[in-house]
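Please open the model in your viewer and keep a selection tool at hand, as this tour moves from one selection to the next and says what is found at each stop.

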Amino acid sequence: MNILLFSMPDSFEHMPTVAIRMPNGALTSLAGNIDPHHRVSVADLILVQSQVRQTVIRLVQEYQPDVVGLSVMTFQRHTAQKIVSLVRRLKPDAHIVVGGYDPSLDRVAYTRPSPGRPDFIVRGEGEQTFRELLRALENGRDYSAIAGLSYRQGDQFFHNPERPVSSLGGEELKLPRRDSRVLQGYTLLGRPVDVVETSRGCTYDCSFCSIIEMRGRNFHTYSIERVIEDIRDAYRRGARAIFLVDDNITLNVHRFEAFCRAIVDAGLNDVDYILQGMTSALANHGKRLAPLMRRAGFRYVFLGIENILEEDLKFLRASSKNQERQNGRSVGNASIRAIEYLHQNGIYVVGGLIVGNPDDTRESILTNLEFARKYIDWPYIQHPTPYPGTPMTLDFRARNLIINEALEEYDGTTAVVKTEHLSAREIEFLRWQAERWIKTRHFPTALWHSPGFVLRHGHRMLAHTFRGSTWKSALGLESPRRVYERYQAFRKAERNYLPLEVPSRDAAGLPRNSSSQPVRKTA
């Protein structure tokens with residue numbers, strides 16, 4: 001069968017596509033784990049944000065898929081439903097499958113009658129479930145025995161039992177198929193980038209995290225030999241930057257140390273590596289760990305600081321993973337010590353902070369922003385977002401603090417909840433106003449690291465960071481709040497990746513079917 005897999009074009013504010021275009025590793029893992037006689041194509045639509053409709057039409061017409069799959073996060077749901085509707089018109093006989101965090105945690109939302117309703121939902125880890133679904137479709141078998149699958153018969157959906165998470169051991173899961181990608185242009189500051197996974201899961205229970213709700217509290221690892229083989233495959237295909245997408249790679253520090261040594265031994269330390277790490281692991285083990293990381297090629301660490309105030313950490317259920325310990329005793333927040341170890345070894349910190357928690361005041365938010373200004377290299381500051389199924393969502397609903405149900409705005413940098421003291425609009429304004437200037441401090445480093453790229457694209461990077469600004473605002477002739485209003489309007493327009501079609505007309509002036517030749521609306 002012909003299989004066409006899409007990841008959505010919707011991107012995060014902190015990862016502008018002018019500088020960062022990451023592939024979706026889950027889809028190439030699906031491609032690598034279906035039976036080899038299928039023809040599978042993977043399209044990451046983040047590479048074609050300005051031409052989503054045209055690209056979907058072209059790929060569906062070119063590959064004539066029997067099955068179309070979509071990987072969806074919550075803020076991408078609206079776009080995904082539009083793409084499903086478009087595929088239905090283009091290829092009515094195609095089976096449409098959705099998977100990812102959002103369908104897994106809010107499957108009911110995908111079962112309601114609408115043009116964007118799929119035929120199947122793959123819940124949780126998808127490799128084995130998707131492979132079994134394809135076999136059932138190919139052989140005309142019943143779907144009821146496929147664990148982790150929801151399927152539609154007529155207007156009714158049936159939900160099979162959950163599939164246990166994979167242990168990742170042995171030959172259970174094969175390497176991803178990067179050759180299945182049909183679009184090109186993955187970059188990180190001009191360097192070809194790819195993603196690699198070394199483990200799955202986390203044993204902490206942070207209230208904001210979808211991982212625990214999707215797979216439970218567990219941690220499973222691939223063998224280091226397999227991971228090195230995966231990195232080598234990405235390297236052979238041109239990657240010179242690799243993002244390790246693990247949920248919590250530093251959970252097992254000794255394994256991570258062995259992994260760093262294996263990178264060096266394999267001669268793969270001329271790659272820029274990026275990871276997501278815990279402050280506690282890097283503070284408590286950083287003296288020996290950070291030099292080894294630098295020797296292995298680690299350049300950036302996304303550090304899950306979450307918040308520097310203890311009361312906020314308690315709400316986020318993130319206190320224990322942000323504790324520095326000495327002689328078995330907690331001695332305070334681990335963030336500063338972790339940052340010091342990383343900086344001493346030439347590793348840059350992408351600081352993950354969450355502001356706008358239920359009891360936050362203006363002062364508590366400004367305290368976190370000042371910490372970011374003082375200590376971190378690139379701010380990744382978000383607002384608490386009530387994603388489906390998370391404990392945080394239940395708390396916000398119980399306190400009647402959710403003020404926005406437009407899921408396309410659940411992107412982490414749009415404040416959709418208020419606090420007991422501040423409006424959502426004020427929370428977002430405080431973050432936006434400070435964060436723009438914090439980001440500019442990293443531009444000299446980016447210029448030193450990637451001079452050619454920054455010289456060519458630096459103006460676009462600054463334009464993205466300061467969207468809404470004008471010469472008047474630069475001269476102080478209009479208020480920051482007026483600039484913020486324009487920024488919000490830009491952001492809202494950017495979210496519409498599939499604008500409405502304007503039907504073309506024939507010689508008689510009558511509308512003709514334009515599904516294969518869409519035309520954008522003009523002002």
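A residue is called buried when its relative accessible area is under 20%, exposed when it is over 50%, and partly exposed in between (1.4 Å probe, protein chains only). This is a predicted model, in which local features need pLDDT of at least 70 and side-chain atom pairs count only at pLDDT 80 or more, while totals for chains, interfaces and linings use all residues. Residues are numbered from 1 along each chain as its sequence is written, and side-chain values use heavy atoms, with hydrogens and water left out.

Begin by selecting Asp102 and Arg77, both of which are buried. Asp102 forms a salt bridge with Arg77 (a side-chain nitrogen of Lys or Arg within 4 Å of a carboxyl oxygen of Asp or Glu), and the closest N and O atoms are 2.7 Å apart. The two partners are 25 residues apart and link distant parts of the chain, with Asp102 in helix α4 (residues 101–105) and Arg77 in helix α3 (residues 77–90); helices here are DSSP runs of H or I with at least four residues, strands are runs of E with at least two, and both are numbered from the N terminus.

Next, select Arg152 and Asp119, whose side chains meet in a salt bridge at 2.7 Å, N to O. This pair also links distant parts of the chain, since Arg152 belongs to strand β7 (residues 149–153) and Asp119 to the loop between α4 and β6 (120–122), 33 residues apart. Arg152 is partly exposed, with a relative accessible area of 24%, whereas Asp119, at 12%, is buried.

Move on to Arg200 and Glu125, which are joined by a salt bridge of 3.2 Å, N to O. Because Arg200 lies in strand β11 (residues 199–202) and Glu125 in the loop between β6 and α5 (127–139), the pair ties together parts that are 75 residues apart in sequence. Arg200 is buried at 7% relative accessibility, and Glu125 is buried at 17%.

The model's count of salt bridges comes to 44.

Finish with the backbone. Most residues other than glycine have a negative phi. Leu189, although not a glycine, has a positive phi of about 50 degrees; this residue sits in the loop between β9 (187–188) and β10 (191–196). Asn400, likewise not a glycine, has a positive phi of about 55 degrees and lies in the loop between α13 (391–398) and α14 (424–440). Is each of these residues buried or exposed? Leu189 counts as buried at 11% relative accessibility, whereas Asn400, at 59%, counts as exposed.
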